[in-house]
Amino acid sequence: QLHYSVPEDREPGFSVGDLAKDLGVEVRSLAARNLRLVSEGGQRHFQVDLAAGVLLLDSRLDREALCGQSPTCSLHLQLVMENPLQLHRVEVDVLDVNDNAPQFPKPEVVLEITEVANPGTRLPLEVAEDPDMGSNSISTYELSPSKHFALSVNVRGDGVKMPEIVLEKALDREKVPVHHLTLTALDGGNPVKSGTARVTIHVLDANDNPPVCDPPISKVLLEENVPVGTLVTKLNVTDLDEGPNGDVEYSFKTSNNAPGKFTKLFSLDARTGEIRTKAPLDYEESSAYEIAVRARDKGSPAMEGHCHLRVELIDINDNSPEIVLTSVSSPVQEDAAPGTVIALIGVKDSDSGDNGQVRLQIAKELPFKLVSSFKEHFSLVTSGPLDREKASGYNITVRAVDSGSPQRATQKTFYLRIADVNDNAPNFSSPFDTAHVQENSLPGTSVFSVSASDPDEGNNAKLSYSILDNGMQDAPISTYFRIDQDNGTIYTVRALDYEQDKVFQVPVEVKDAGSPALSSTAVVHVFVLDENDNAPNIVYPSVPKGSAFHQAIPALAEPGYLVTKIVAVDADSGHNAWLSYQLQESAEALPFQVERRSGEIRVAQALRESEDSHRLVVEVRDNGTPSLSASVVIVISPEENSVQDFSKSLDLPQPSSEDTNLTLYLIISLVSISLVSCVMFGLAAAR
């Protein structure tokens, strides 16, 4: 809080104070920090020179117009700076200058005094007025020289000097019926200023006892907001005269320059001297009133006395506190550090004493707290971590309670939005997924759609998908699959071959658009489903295409004799690799048969001695849809000199080493595929 003072007679542009120096900031940073001036009274009397960093007077000040008769005159300003947000209070005292001369309510005062008045009789005079304060106000009074009269100055309870003319020597109306004097009021300024009034005193006969107020100066305490018509006091005035000379009438004593605001608030019974309220009284408007009452009798000439009453109001708690939001920083980043200033809050209460003491509090538990900056000003700061994903904003209710009895409270609610920062990585719905795709599917076939979510918002929640290369295949995984970066759908890049690759591990990465970007990964296991795209391959007998296999048997071979065995394999799997053997239909009945599952060719009926060679076409067919097949031609020749050899009939021709290796490879492949399938199905079931 800064404090300056300025005399009231300075011209606009006068330098009031060096803000940059007193605030401890560099002049060149004032413009960047958007230094601005806010007047609490709504009137602009000052301005800030950002180039020089000083507070300048914007208009000529008139202390009397601004503060009236208040002993102190201060103007309150607020300086607001940003980056960081700060509020400073400036209090400027307006110093009084002796620019007003004392002035009497009337230029001429006419007084009357009976010739029988005793020395010491006092004639009250109207008080001169000087708008200046302190030493510049009225200091003393002087009276022109007189043989009969002198001047006495009394000090009222509020410090006002009251002049009275005192009779020092008995009067003789027959010698001097009228006395002309000059009353001068002097102030304490430098140079001294003065004002005068002509005083004419008429010397009269008869009524020689004026009304007397007992006590002449009194004080009454009265609560504000009492009902209209409440009795304030009854004046105690006595007059020793009898008859009309002792009959007193009361009236308010006012001046032309200051008619007296109390006349609008109080009424006076002219006959009884009772003073009552006639309008509501407000402590906040004025805490005390000075009432002057004239008591005049009905003698001839009439005599009067003066009563002075000071009415002091007792404040009651009739004003609720007022909350002023000077500045609010919304939104605030969710990663704001504890102690970050959110808002600047001011509070005021027009009551006084305990009724005007205000406590500020937050209505419910929130990650914020109030810190007192200086009198009646608070800063709302963060007291804990913020998380936009848990609370995207707060309705903050600030409650102000005074210390009166009964207490009065006010509350104000404002909304604070929390701005998002990229503090959450995208998250897949599952770290592992399983998909199936038919082999030989066209490029661009949709395989699977992965899904991820990000609790952040805006660009921090904008997701893009990509495939990572895991190096598990001979070729990069991107040559097999691609992914839509917006929706996470995985497509094939080329036709897949089950016989070459039966399963793929496709690592998928999702990344948000925050800064810095955050990401996570998931693995999609893509199983290639077999298609019947391979015909059976006859391993034994192995004959060139278009040739036949010749097999000799005994001419007297009996039924059941094993002629030979057809061995075939299919590169497909499952049903597509289940093989069946059969003889193609021929025009003549053949004495041979083929076992459907084993491929063994046996003699079905006894052979005749005269039979020639037999030509058989054996067809091997798989179980796929559509079914594929292969065939081999076998020529069986009976030999007359051949003897049935049961041991031979039971022995199969030994395959070559090449055929044996191929069979071993097929068995190993089938076992591997079965194991991989079992493991993957087990993982899927566990998930």
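In which loop does Asn 34 lie? In this predicted model, Asn 34 is placed in the loop between helix H2 (29-32) and strand E3 (36-39), and although Asn 34 is not a glycine, its phi is positive, at about 55°. With a relative accessible area of 37%, Asn 34 is partly exposed. Glu 376 also has a positive phi, near 65°, in a residue other than glycine; Glu 376 is found in the loop between strand E28 (368-374) and strand E29 (377-382), and its relative accessibility of 29% means that Glu 376 counts as partly exposed.

From these loops we can turn to the whole chain. The secondary structure of the protein comes to 6 helices and 49 strands. Its radius of gyration is 59 Å, well over the 26 Å that the globule rule gives for 687 residues, so the protein is more spread out than a compact globule. Along the principal axes, the C-alpha atoms fill a box of roughly 200 × 55 × 35 Å. Buried residues make up 42% of the 687 residues, and of the contacts with a separation of 6 or more, 67% are made by residues 24 or more positions apart.

The division of the chain comes next. The protein is divided into domain 1 (5-95), domain 2 (108-204), domain 3 (212-314), domain 4 (322-406), domain 5 (427-529) and domain 6 (537-639), and the centres of domain 2 and domain 5, taken over C-alpha atoms, are separated by 108 Å. An unreviewed UniProt entry places the feature "domain: Cadherin" at residues 5-104, 105-213, 214-323, 324-428, 429-538 and 545-657. For residues 324-428, the end C-alpha atoms lie 48 Å apart, and the span is 0% helix and 53% strand.

Ile 165 lies in strand E12 (residues 161-167) and is buried, with a relative accessible area of 0%. Leaving aside neighbours within four places in sequence, the residues in contact with Ile 165 include Leu 111, Leu 123, Phe 149, Leu 181 and Val 199. Of these, Val 199 is 34 residues from Ile 165 in sequence, with 9.9 Å between their C-alpha atoms in space.

The largest nonpolar core has 25 residues, and those with the most contacts inside it are Phe 266 and Val 293. Among the elements that give two or more residues to this core are strand E16 (217-223), helix H4 (262-265), strand E22 (288-297) and E23. Apart from neighbours within four places in sequence, Phe 266 is in contact with residues including Val 232, Phe 252, Leu 281, Ile 291 and Val 311.

Which residues does the disulfide join? A search of the whole structure finds 1 disulfide, and it joins Cys 213 to Cys 307, with an S to S distance of 2.1 Å. This pair links distant parts of the chain, since Cys 213 is in strand E15 (residues 212-213) and Cys 307 is in strand E23 (residues 304-314), 94 residues apart. The link is right-handed, with 125° about the S-S bond, and both Cys 213 and Cys 307 are buried. Cys 678, by contrast, counts as exposed, at 55% relative accessibility.

The bond from Asp 214 to Pro 215 is cis, with omega near -5°, and Pro 215 lies in the loop between E15 and E16. Another cis peptide bond joins Ser 515 and Pro 516, with omega about 0°, and Pro 516 is found in the loop between strand E39 (503-512) and strand E40 (519-529).

Key: Residues are numbered from 1 along each chain as its sequence is written. This is a predicted model: local features need pLDDT of at least 70, side-chain atom pairs count only at pLDDT 80 or more; totals for chains, interfaces and linings use all residues. Side-chain values use heavy atoms; hydrogens and water are left out. A disulfide is a pair of cysteine sulfur atoms within 2.5 Å. Helices (H or I, at least four residues) and strands (E, at least two) are DSSP runs, numbered from the N terminus. Buried means under 20% relative accessible area, exposed over 50%, partly exposed in between (1.4 Å probe, protein chains only). Domain bounds come from an automatic or database domain assignment. UniProt positions are given in the numbering used here, feature names are shortened, and annotations may be inferred rather than shown by experiment. A nonpolar core is a set of buried Ala, Val, Leu, Ile, Met, Phe, Trp, Tyr and Cys residues joined through side-chain atoms within 4.5 Å. Contact means heavy atoms within 4.5 Å. The radius of gyration is taken over C-alpha atoms; the globule rule is 2.2 Å times the number of residues to the power 0.38.
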